[in-house]
Amino acid sequence: MGSGNWSDPATWPSGQVPSAGDQVIIESNMRVVLDVSPPALRSLTIDGTLSFAEADLELTTEWILVHGEMHIGSEQNPFQHAATVTLSDDFPDESIGVMGDRGIMVMGGELHLHGSRTHTWTKLSQTANAGSSRIEVLNADGWQLGDEVVLASTDFAPEQTEKRVISGIDGNSVEFSSPLNFMHFGEVTEGVDERGEVGLLTRNIRIQASADAESSYFGGHVAVMAPGGLYISGVEFYRMGQHLKLGRYPVHWHVRGDADGQYVKNSSVHHSFNRCVTVHGTQNVLVENNVTYNTVGHCFFLEDGAETGNSFIHNLGMRTKCHPTRSCQPFFQQASDVLIPSDNNAATFWITNPDNIYRDNVAAGAEEIGFWIALPEHPTGAFEGTEEGAAIWPRRTNIREFSGNVAHSNYDGLMFDRGPNPDGTFDIPGNDHTAYENPADTNSARLTTRLENFTAYKNNNNGVWARGSNHEFSDFKLADNAIGFTHASGSSLLIDSLIVGESDNIGNPSRQAERDYGRGLPHYRADYPIHGYEYYDFTNGFSNVTFRNFQSNTTRDAGAISYLFFSDFGISTNNSAEAAVFDNAKPVFFPNMRSEWALEDSGKDGYKGAIFHDKDGSVGGIADAFIVINNPVFLDAAACTVYSEWNAAVCSGNYGRIGFNNNYFGGNSSEDPGLITLSRNDAELTVSGASFGGLSGKETTLRFGTEITVTTENTVNTLTISLREGSQNDWVILQLPSFTSASTGTEAASLTALRESASNAFYLDADTLYVKLFAGNGFFSGSVNLCTAATCN
């Protein structure tokens with residue numbers, strides 16, 4: 001007993017070679033070489049070492065428990081033959097320690113799997129047409145007859161992803177045994193690389209569940225616990241993952257701690273019933289050059305948010321689904337048939353801690369999200385409530401690296417918002433990310449979070465949706481999305497980027513509306529107005545961005561720049577544009593409000609006061625002007641030029657914001673004034689208000705240096721009016737029927753004296769109160785309390 005071949009009886013303590021159904025134990029002093037394909041085993045426990053001989057081999061067993069070492073090839077000498085490990089399930093519901101059933105379970109040992117295939121994916125070098133059986137790729141080096149490959153969708157539909165078998169190869173020309181059902185685009189168009197990816201699924205080492213998993217969705221899994229190690233390269237994982245089973249994934253580091261030097265690379269995961277690669281409570285692993293296809297739930301998965309220093313580099317994920325048999329149910333977070341609530345919005349890359357590297361990855365054809373940066377306040381799951389978890393602040397930690405990534409043919413390309421709560425649910429708004437020099441101390445210096453060189457195309461909704469402060473996005477290329485870029489709340493800057501409305505990639509028109517139009521459409525409503533950069537609440541802007549091919553037509557309107565359809569929340573006059581370039585693009589379009597287009601659809605106060613600052617005149621031709629939605633309340637004939645096709649005007653002069661009873665800007669009245677109506681220039685604007693997180697108020701855009709009539713729907717005794725975002729000399733005169741006194745300023749002797757006043761003043765004329773209010777300096781500094789009594793308290 002000691003070292004020897006599996007087939008040699010002398011290798012085994014019993015003097016007999018294991019037979020079918022045996023529970024095999026390789027003891028700690030044994031070094032066994034698998035030189036034959038044994039009959040199906042009951043189980044295999046490796047306390048010593050098992051290595052595969054260089055031959056075509058198959059090993060079938062219920063499970064493998066590795067306390068010692070298991071080797072198929074080595075890093076220096078990859079395995080050259082075909083090795084298949086099949087995990088059966090003839091004895092269901094076993095529990096091997098804490099690691100479950102039907103897996104290769106590494107507890108204190110090491111798993112070394114090294115196949116010979118290293119060239120895992122490439123791109124098309126020219127467009128492959130529907131009906132063709134041949135494609136041209138950039139590099140088919142090492143691919144072989146009989147290999148399975150997957151062509152990513154290059155249209156809006158993830159189901160246009162196609163798997164084929166290679167029947168011929170001539171250089172970089174690849175022939176298939178059956179023709180393609182869809183066109184797959186293969187060009188750089190309008191400056192955006194939309195060449196579809198082609199991923200190789202076949203490897204010479206395959207880890208798989210037996211065929212029964214196709215109906216049970218109970219596949220195999222590979223997992224490691226401390227102090228074990230995974231070293232995997234060139235392996236195919238097929239029918240893996242156990243649906244709705246926590247911790248049962250194709251490749252899984254489980255609370256391993258520092259795993260520096262460990263990796264999974266050059267591998268494939270396909271037809272998985274539960275995720276792809278999971279890094280849980282583990283630091284410093286490498287996940288590189290892998291291909292995934294037809295998988296369920298978040299695919300490349302950082303589990304709890306305690307994971308740092310890991311590198312996800314040059315991975316290709318295709319056809320990420322929410323469920324094995326049904327479609328996603330976005331935002332339905334109480335479903336019983338997903339592992340965690342967010343799996344109903346499954347992402348190819350689920351990122352719960354920003355202190356990791358994501359470089360040159362592709363998320364192609366997720367039913368919901370390509371990249372989801374979903375940051376909890378503190379780590380969840382196993383780390384919730386722990387001392388270690390309390391010291392980790394994902395929402396306050398800077399991104400280590402996010403560069404060179406691509407998202408296409410998803411619903412949303414990049415979602416940087418909606419981080420998980422401790423119970424796994426996520427809030428639709430909120431969960432802002434702001435990085436600090438010391439994440440535990442919000443008084444420490446704020447850091448700039450940078451995301452670089454990102455491409456998003458053919459996403460049905462947003463190319464990019466983000467939320468937080470001090471975010472900088474550079475060298476972004478966004479094309480053929482319903483909406484190119486949106487940033488919510490906080491502050492952001494998009495720089496040195498390109499946004500394209502429609503490229504030469506017409507997709508595969510399938511709906512009648514698409515066939516009539518002549519190309520695939522991102523929105524289920526054919527008339528949805530596509531737009532490139534979308535302002536939202538708080539302060540966001542762009543500089544040196546080129547907009548291309550945003551023109552309206554008889555099917556749908558378009559505009560390079562717009563506002564969130566149709567924002568309820570307070571916006572900012574400091575939203576800005578600079579160094580904009582328009583190439584065959586209508587610069588601005590604020591469509592009339594229609595509920596079927598709306599993301600927000602209650603008060604719409606933000607959208608009704610849509611405005612942004614055109615710093616250098618590159619949008620409207622006048623430097624230091626404002627682009628304002630076309631409502632006469634905001635306009636002056638002498639200072640504004642109306643562009644009816646934009647539904648907007650270009651205006652000189654200063655603008656700010658006026659608020660009523662805003663408790664987040666100094667309001668202190670508990671009375672509800674109901675609808676506020678502003679009247680000016682024979683036009684009216686109603687303000688209904690919005691609330692969020694206990695903060696509420698009514699607010700809209702204001703042109704300084706004007707006189708406006710303000711009325712309330714309800715009779716109230718007090719009303720607080722506030723100004724923000726103006727400068728020291730900016731003022732407004734408010735005509736306020738039914739109010740009699742103001743708390744701020746001096747009483748003027750006449751309306752003329754009020755108009756000439758250089759400071760806050762009020763004047764009562766019969767039953768109408770006039771107030772001149774100055775903005776002051778800073779974000780917010782001008783307010784007045786109005787009363788119906790003789791004095792205001």
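How many disulfides does the structure hold? Please take me through each link in turn, and then on to the surroundings.

Reply: Happy to! This is a predicted model, in which local features need pLDDT of at least 70 and side-chain atom pairs count only at pLDDT 80 or more, while totals for chains, interfaces and linings use all residues. Residues are numbered from 1 along each chain as its sequence is written, and side-chain values use heavy atoms, with hydrogens and water left out.

There are three disulfides in the structure. The term stands for a pair of cysteine sulfur atoms within 2.5 Å.

Let us begin with Cys-276 and Cys-299, whose sulfur atoms lie 2.1 Å apart in their disulfide. This link between Cys-276 and Cys-299 is left-handed, with -105 degrees about the S-S bond. It ties together distant parts of the chain, 23 residues apart: Cys-276 sits in the loop between β26 (268-272) and β27 (277-283), and Cys-299 in the loop between β29 (291-296) and β30.

Buried means under 20% relative accessible area, exposed means over 50%, and partly exposed lies in between (1.4 Å probe, protein chains only).

Now for the next link. Cys-322 is joined to Cys-328 by a disulfide with an S to S distance of 2.0 Å. Its torsion about the S-S bond is about 90 degrees, so the link of Cys-322 and Cys-328 is right-handed. Cys-322 counts as buried at 2% relative accessibility, and Cys-328 also counts as buried, at 13%.

The remaining link is made by Cys-640 and Cys-651, with 2.1 Å between their sulfur atoms. Here the torsion about the S-S bond is about 120 degrees, so the disulfide of Cys-640 and Cys-651 is right-handed. The two cysteines belong to distant parts of the chain, 11 residues apart: Cys-640 is in strand β53 (residues 640-643) and Cys-651 in strand β54 (residues 648-651). Cys-640 and Cys-651 are both buried.

From the cysteines we can move on to the rings. The structure holds 35 aromatic pairs. Rings of Phe, Tyr and Trp (its six-membered ring) pair if their centres lie within 6.5 Å; planes under 30 degrees apart count as stacked, over 60 as edge-to-face, and the rest as tilted. One of these pairs is Phe-301 with Trp-350, a stacked pair at 6.4 Å centre to centre with 25 degrees between the planes. Phe-301 is in β30 (residues 300-302) and Trp-350 in β33 (residues 347-351), so to speak a bridge across distant parts of the chain, 49 residues apart. Both Phe-301 and Trp-350 are buried.

Rings can also have a charge over them, which here means that NZ of Lys or CZ of Arg is within 6 Å of the ring centre and within 35 degrees of the ring normal. Arg-396 lies over the face of Trp-393, 3.7 Å from the ring centre. Over the ring of Trp-465 sits the charged end of Arg-418, 5.7 Å from the centre.

Six strands make an open sheet in the order β12-β19-β14-β15-β16-β13, and their pairing is antiparallel. Two strands pair if DSSP finds at least two bridges between them. The edge strands β12 (121-123) and β13 (134-136) each have a single partner, so one side of each is left without a neighbour in the sheet. On average, neighbouring strands of this sheet are turned by 35 degrees against each other, direction ignored. Such angles run from 0 to 180 degrees between N-to-C directions, using lines fitted to C-alpha atoms, for helices over the stretch in contact. The antiparallel strands β12 and β19 (residues 197-200) are joined by three bridges, and Trp-121 has Gly-199 as its bridge partner in β19.

Notes: Helices (H or I, at least four residues) and strands (E, at least two) are DSSP runs, numbered from the N terminus.
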